[in-house]
Amino acid sequence: AMLQKLCFQINLLDYNLVSCDFDLVQLSPTPVPLHRRNSREDRLLSLCILAFEPLNTPTGKDQCLASIEEALFRPIWMFLLALFRKVNVQREIALEKSMKLYKNAIPADIGVPAKLFPEESASDDSYPYEVAVQELRLITKEYCPQKKLECIVRTLRLICECAEHYCNSKEAGTLQVASVIGADDLLPILSYVVLKSNLTQLISECAALEEFIHEGYLIGEEGYCLTSMQSALSYVESLSKG
């Protein structure tokens, strides 16, 4: 709580720095370069570490950055998302149309191999990869880019866990996740999860994340998961046009 209060106070003191680049949220044709947006957060991060030297560790820096984002984005994320949704309204309409067309689709309809989903659901109300869908829906409950990205990462991890379980239940022996699901299998499964989520705003959520997430999180697993989600959204969007 003390760290969050400090970050908020630093953010207020640094308001002129933040507001000078606020034309970004207007989604102008020439948005603020990523390195300039991140430099603001880096300055605030440095101030936090100076105030709390024990936080000068990878984990501590993550905690500082999360607190900075909490103070900065929680009050304004709803308005930022509204702007992105206005810009992406046609894409969201196409996504909504696909979700209606494939409302009752099974994974095979989206190109998921038979070994990666059960032949029958455990009950009439359940469906394959339901836990991943439930996790993805939680993205609307978060207001900070980092936490939203973590939600996407958890969704893809759950997809891998479900795929491994479905595959192992059909085939003898235990397989490793890497041998069960590859990049070619991930896209149709993630597309199925997107369809089942019924979240048309995912397009704008991901577009906003791409703009506001700290560049340090756009590499490695986090960056791969965000790119995969955007690819799945583009594919599902195209289903209504084909």
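Before the first pair, a reminder to myself: axes are lines fitted to C-alpha atoms, for helices over the stretch in contact, and angles run from 0 to 180 degrees between N-to-C directions. I also keep in mind that this is a predicted model.

**Entry: helix 7 and helix 10**

I looked up helix 7 (residues 130-137) against helix 10 (residues 183-197), and found that they pack at about 60 degrees with axes 9 Å apart. Angles of 65 to 115 degrees count as roughly perpendicular, so I noted helix 7 and helix 10 as oblique to each other. The crossing of helix 7 past helix 10 is right-handed. On the helix 7 side, I listed Ala132, Val133, Leu136 and Arg137, and on the helix 10 side Val193, Val194, Lys196 and Ser197. Sorted by class, the residues of this contact are 5 nonpolar, 1 polar and 2 charged.

**Entry: a glutamate in helix 7**

Buried or exposed, I asked of glutamate 135? Its relative accessible area is 12%, and under 20% counts as buried, so glutamate 135 is buried. This residue belongs to helix 7. I then checked its side chain and found a polar contact of 2.8 Å with the side chain of arginine 154. Setting aside residues up to four places away in sequence, I saw glutamate 135 touching Cys151, Arg154, Thr155 and Leu158.

**Entry: a tyrosine in helix 10**

Next I went to tyrosine 192, which sits in helix 10. Its relative accessible area is 2%, so I wrote tyrosine 192 down as buried. Which residues is tyrosine 192 in contact with, leaving aside neighbours within four places in sequence? I found Ala105, Ile106, Pro107, Ile110, Tyr127, Pro128 and Tyr129. I also looked up aspartate 109: tyrosine 192 is 83 residues from aspartate 109 in sequence, yet their C-alpha atoms are 8.9 Å apart in space.

**Entry: helix 6 and helix 12**

I turned to helix 6 (residues 89-101) and helix 12 (residues 220-239), whose axes lie 7 Å apart at an angle of about 70 degrees. Helix 6 and helix 12 are therefore roughly perpendicular. Helix 6 brings Arg91, Ala94, Leu95 and Ser98 to the contact, while helix 12 brings Leu233, Ser234, Val236, Glu237 and Leu239. By class I get 5 nonpolar, 2 polar and 2 charged residues for the contact of helix 6 with helix 12.

**Entry: helix 5 and helix 11**

For helix 5 (residues 77-87) and helix 11 (residues 202-212), I noted axes that come within 9 Å and cross at roughly 115 degrees. That makes helix 5 roughly perpendicular to helix 11. Helix 5 and helix 11 make a right-handed crossing. From helix 5, Trp77, Leu80, Leu81, Phe84 and Arg85 meet Ser204, Glu205, Ala207, Ala208, Leu209, Glu211 and Phe212 of helix 11. I sorted the residues of this contact into 8 nonpolar, 1 polar and 3 charged.

**Entry: the whole chain**

Last, I stepped back for the overall picture. How many helices and strands does the protein have? I found 12 helices and 0 strands, and of the 242 residues in the protein, 45% are buried. Among contacts with a separation of 6 or more, I noted that 77% are between residues 24 or more positions apart.

Key
Residues are numbered from 1 along each chain as its sequence is written. This is a predicted model: local features need pLDDT of at least 70, side-chain atom pairs count only at pLDDT 80 or more; totals for chains, interfaces and linings use all residues. Side-chain values use heavy atoms; hydrogens and water are left out. Helices (H or I, at least four residues) and strands (E, at least two) are DSSP runs, numbered from the N terminus. Angles under 35 degrees count as roughly parallel, over 145 as roughly antiparallel, 65 to 115 as roughly perpendicular and the rest as oblique. A crossing is left-handed if the near helix is turned anticlockwise from the far one by less than a right angle, and right-handed if clockwise. Contact means heavy atoms within 4.5 Å. Ala, Val, Leu, Ile, Met, Phe, Trp, Tyr, Cys and Pro count as nonpolar, Asp, Glu, Lys and Arg as charged, and the others, Gly among them, as polar. Buried means under 20% relative accessible area, exposed over 50%, partly exposed in between (1.4 Å probe, protein chains only). A polar contact is a pair of N or O atoms within 3.5 Å; within protein, one must be able to donate a hydrogen and the other to accept it, and residues adjacent in sequence count only if both atoms are side-chain atoms.
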